[in-house]
Amino acid sequence: MEIYLKPKKNLKFEKNIKDLYLKDLFYIYPSQNEDLVKDIIIAHVNGVSKDYEVIELGEVINRMNNQNSYVKVNFLEFDDLLIHFENPKKDNMLFIRVLFVCIILFLGAGMAIINFHSDVDMVKSHKTILRILTGSETENLFLFQIAYSLGIGTGVAVFYNKVIPNFSKSEPSPLELEVSTFKSEVQSYIIENNKQ
């Protein structure tokens with residue numbers, strides 16, 4: 001019998017799990033053979049203390065051959081598996097930490113904008129733009145600066161695809177792409193360093 005295995009991505013299990021089965025780690029093809037191999041134990045992880053575990057594909061082949069020697073295994077992707085273990089305890093300080101980080105980011109972004117405006121003499125720039133648009137000099141920039149501030153917020157929202165709801169669901173934002181790239185690089189690093 002021949003089966004094809006495709007590793008699942010972003011595998012997360014609680015730390016109190018005892019065994020990892022083939023069905024937990026891989027998509028199994030063809031589906032009619034899934035029932036014959038899905039309950040093969042690939043790893044015993046009872047009482048794991050680490051936050052992650054790397055399972056090499058060679059180990060998967062050995063486990064399957066030990067339990068079903070008549071199965072020929074083919075992998076559709078050749079990356080070792082990285083499994084994250086989560087602590088089942090609830091983090092009581094999460095809200096406070098998130099609030100603290102949000103306050104720091106808000107203040108930092110505000111300082112960056114204020115310093116940028118100070119460096120480029122934004123008041124003078126606004127007066128020049130207003131003189132070009134209206135043809136007259138004015139010291140009252142209040143309405144123009146409100147529109148400018150709203151424009152900054154709108155520009156950020158458009159950049160992160162948060163203005164058009166249907167469009168933002170079908171396409172990831174630049175921030176989501178960066179986070180995904182970062183996670184992939186971290187996983188590759190952990191897997192490579194585990195082999196050494």
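H126 is in contact with L141, F144, Q145 and Y148, leaving aside its neighbours within four places in sequence; contact here means heavy atoms within 4.5 Å. The residue belongs to helix α5, which covers residues 122–134. Helices (H or I, at least four residues) and strands (E, at least two) are DSSP runs, numbered from the N terminus. With a relative accessibility of 3%, H126 counts as buried. Buried means under 20% relative accessible area, exposed means over 50%, and partly exposed lies in between, for a 1.4 Å probe and protein chains only.

The model is predicted: local features need pLDDT of at least 70 and side-chain atom pairs count only at pLDDT 80 or more, while totals for chains, interfaces and linings use all residues. Residues are numbered from 1 along each chain as its sequence is written, and side-chain values use heavy atoms, with hydrogens and water left out.

**Aromatic rings and charges**

A search of the whole structure finds one aromatic pair. It is formed by F26 and F75, whose ring centres are 5.9 Å apart and whose planes meet at 45°, so the pair is tilted. Rings of Phe, Tyr and Trp (its six-membered ring) pair if their centres lie within 6.5 Å; planes under 30 degrees apart count as stacked, over 60 as edge-to-face and the rest as tilted. Because F26 lies in strand β4 (residues 26–29) and F75 in strand β7 (residues 72–75), the pair ties together parts that are 49 residues apart in sequence. F26 is buried at 2% relative accessible area, and F75 is also buried, at 10% relative accessibility.

Two lysines sit over tyrosine rings, as tabulated below. A charge sits over a ring if NZ of Lys or CZ of Arg is within 6 Å of the ring centre and within 35 degrees of the ring normal.

| Charged residue | Ring | Distance from ring centre |
|---|---|---|
| K8 | Y27 | 5.3 Å |
| K23 | Y21 | 5.7 Å |

**The largest pocket**

The largest pocket has a volume of about 400 Å³. Its lining comprises 17 residues, of which K9, D79, D80, Q187 and I191 are the closest to the centre. On a 1 Å grid over the protein atoms alone, a pocket is an open set of points where a 1.4 Å probe fits, with protein on both sides within 12 Å along at least five of seven lines; lining residues have an atom within 4 Å of a point. Helix α8 (174–195) and strand β8 (81–86) each supply at least two lining residues, and α8 gives the largest share, seven residues. By class, the lining holds seven charged, five polar and five nonpolar residues.

**Backbone geometry**

Most residues other than glycine have a negative phi, and most peptide bonds are trans. The bond from Y29 to P30 is cis, with omega near -10°, and P30 is found in the loop between β4 and α2 (34–37). N10, in the loop between β1 (2–7) and β2 (11–14), has a positive phi near 50° and is exposed at 53% relative accessibility. D121 has a positive phi of about 55°; this residue is found in the loop between α4 (94–119) and α5 and is partly exposed at 38% relative accessibility.

Terms used: Points joined across faces, edges and corners; volume = space filled by probe spheres on them. Nonpolar A, V, L, I, M, F, W, Y, C, P; charged D, E, K, R; others polar.
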